[in-house]
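Student: Please take a close look at a single part of this protein with me. I would like the open sheet, strand by strand, and then its setting in the chain.

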Amino acid sequence: MPANLGPDYLAAEEEFRHAESPFERIDALEKMYAALPKHKGTEKLQADLKRRLSQARKDGQKKGVSHAPPFYLVPHEGAGQVALVGPANSGKSSLVRALTHAHPEVAPYPFTTRVPQPGMMAFEDIQIQLLDLPPVAADFTEPWMPQALSRASECLLVVDVDDPDDLSEIDYVEERLAEWKLSEPRVMVANKMDQAGSQGNLDVLQELYSGRYEFLPVSAQSGEGLPAFARRCFELLAVVRVYTKAPGKKAESGAPYVLPHGATVLDAARHVHKDFAEQLKFARLFHKSGGLDGLMVDRSHEVQDGDILEFHI
Ligand SMILES: Nc1nc2c(ncn2[C@@H]2O[C@H](COP(=O)(O)OP(=O)(O)OP(=O)(O)O)[C@@H](O)[C@H]2O)c(=O)[nH]1
Ligand SMILES: [Mg+2]
């Protein structure tokens with residue numbers, strides 16, 4: 001009997017395929033093993049995974065790599081990882097505190113954050129990982145910052161709209177990102193919009209950087225703009241949420257499958273169950289909005305956010 005492999009297993013397998021280092025391979029294999037249903041039907045797979053895991057550990061030792069990833073590489077969780085980059089004291093940690101259950105330290109002086117701290121932000125029915133980082137500043141920038149940033153799915157520039165040093169700080173961050181060969185963030189998060197005079201400062205920034213950045217005015221303190229912040233993070237990740245339903249039943253409630261833009265019915269089936277993918281004949285398509293009514297689609301049909309799929313094998 002073929003193994004009934006759940007979405008956690010398939011997600012871990014996907015991670016394994018993209019693993020770039022021994023410790024990432026070990027991490028992914030461990031997750032695959034943990035997610036594998038342990039019964040007679042999976043005995044061969046269990047043995048195979050154990051063998052691969054032991055080989056990966058040996059390879060890691062040979063290269064002198066410890067099993068644990070370095071502290072600055074935070075494993076992705078949820079729909080994607082959005083890193084907050086910016087000058088000291090701009091409110092990166094405050095935003096992570098306001099939007100997630102994480103509690104990074106916040107203080108009125110600069111260089112409070114020294115290590116990356118992740119937190120999970122809810123957006124509707126999914127979770128997006130925010131990554132708080134130390135500042136990128138002329139006085140001091142952590143040497144591992146480029147590695148941490150290059151691993152993020154997206155990166156947002158967070159500035160304090162009221163900081164008189166804004167322009168030179170933005171310059172500095174842009175220069176470093178270029179030096180590290182990282183793409184420039186598309187969005188500038190203008191934080192501390194609760195302060196008197198912040199609207200005027202925002203206008204100036206928008207004028208100076210029009211066309212270069214898209215602006216998200218927010219206040220970690222008052223909560224202004226935070227729902228728009230979460231929605232924008234979701235859009236930047238370029239993913240769609242797909243739900244499944246069994247024939248004749250209502251759509252499954254709970255967490256959707258998160259797939260990249262451009263994913264097809266077949267990609268969705270692969271996430272749900274290997275057998276579906278292999279044997280899939282067609283799917284019927286419904287939509288969260290109730291707009292579609294069981295339209296028959298083939299495996300190459302591109303899925304949209306909010307689609308509900310009913311697989312037929
Ligand atoms: N008025 C106001 N103050 C804020 C806001 N967000 C953060 N602050 C204050 O700004 C200061 C710095 O906030 P942090 O969140 O520690 O800033 P950071 O960017 O993480 O700083 P580093 O870790 O040093 O890079 C603290 O005193 C916060 O209370 C805001 O939206 N409005
Ligand atoms: Mg901080």
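Tutor: Start with a definition. Two strands count as paired if DSSP finds at least two bridges between them. The model is predicted.

Take β7 and β8 under that rule. Strand β7 covers residues 239-244, and four bridges join it to β8. The two strands run antiparallel. One bridge can be named by its residues: valine 242 has tyrosine 257 in β8 as its bridge partner.

Now the whole sheet. It is open and has five strands. Their order is β8-β7-β11-β9-β10, and the pairing is mixed. β8, at 257-260, and β10, at 293-297, are the edge strands. Each has a single partner strand, so one side of each has no neighbour in the sheet. From one strand to the next, the twist averages 35°. As background, strands of a sheet pair through backbone hydrogen bonds, in either the parallel or the antiparallel sense.

Go to the β10 end. Strand β9 spans residues 282-287 and pairs with β10 over four bridges, in the antiparallel sense. Leucine 285 stands opposite leucine 295 in β10. The two strands form a hairpin with five residues between them. In that hairpin, glycine 290 takes a positive phi near 85°.

How many of the five residues of β10 are buried? The number is zero, so β10 lies largely in the open. Buried here means 20 or more other C-beta atoms within 10 Å of the residue's own. For the protein chain, buried residues make up 36% of the 313 residues.

Next, the setting. The protein chain has 10 helices and 11 strands. It is divided into domain 1 (1-67), domain 2 (81-237) and domain 3 (240-313). The centres of domain 1 and domain 2, taken over C-alpha atoms, are separated by 35 Å. Along the principal axes, the C-alpha atoms fill a box of roughly 65 × 55 × 30 Å. Contacts between residues at least 6 apart in sequence are also worth a look: 64% of them join residues at least 24 apart.

Finally, the ligand. Ligand 1 has 23 residues around it, and Gly91, Ser93, Ser94, Thr113 and Pro135 come nearest. Helix α4, residues 92-99, gives the largest share of this shell, with three residues. By class, the shell has nine nonpolar, 11 polar and three charged residues.

Notes. Residues are numbered from 1 along each chain as its sequence is written. Chains are lettered from A and ligands numbered from 1 in the order in which they are written. This is a predicted model: local features need pLDDT of at least 70, side-chain atom pairs count only at pLDDT 80 or more; totals for chains, interfaces and linings use all residues. Axes are lines fitted to C-alpha atoms, for helices over the stretch in contact, and angles run from 0 to 180 degrees between N-to-C directions. A residue is near a molecule or strand if its C-beta atom, placed from the backbone, lies within 6 Å of it. Ala, Val, Leu, Ile, Met, Phe, Trp, Tyr, Cys and Pro count as nonpolar, Asp, Glu, Lys and Arg as charged, and the others, Gly among them, as polar. Domain bounds come from an automatic or database domain assignment. A residue is buried if 20 or more other C-beta atoms lie within 10 Å of its own, exposed if 12 or fewer, and partly exposed in between; C-beta atoms are placed from the backbone. Two residues are in contact if their C-beta atoms, placed from the backbone, lie within 7 Å.
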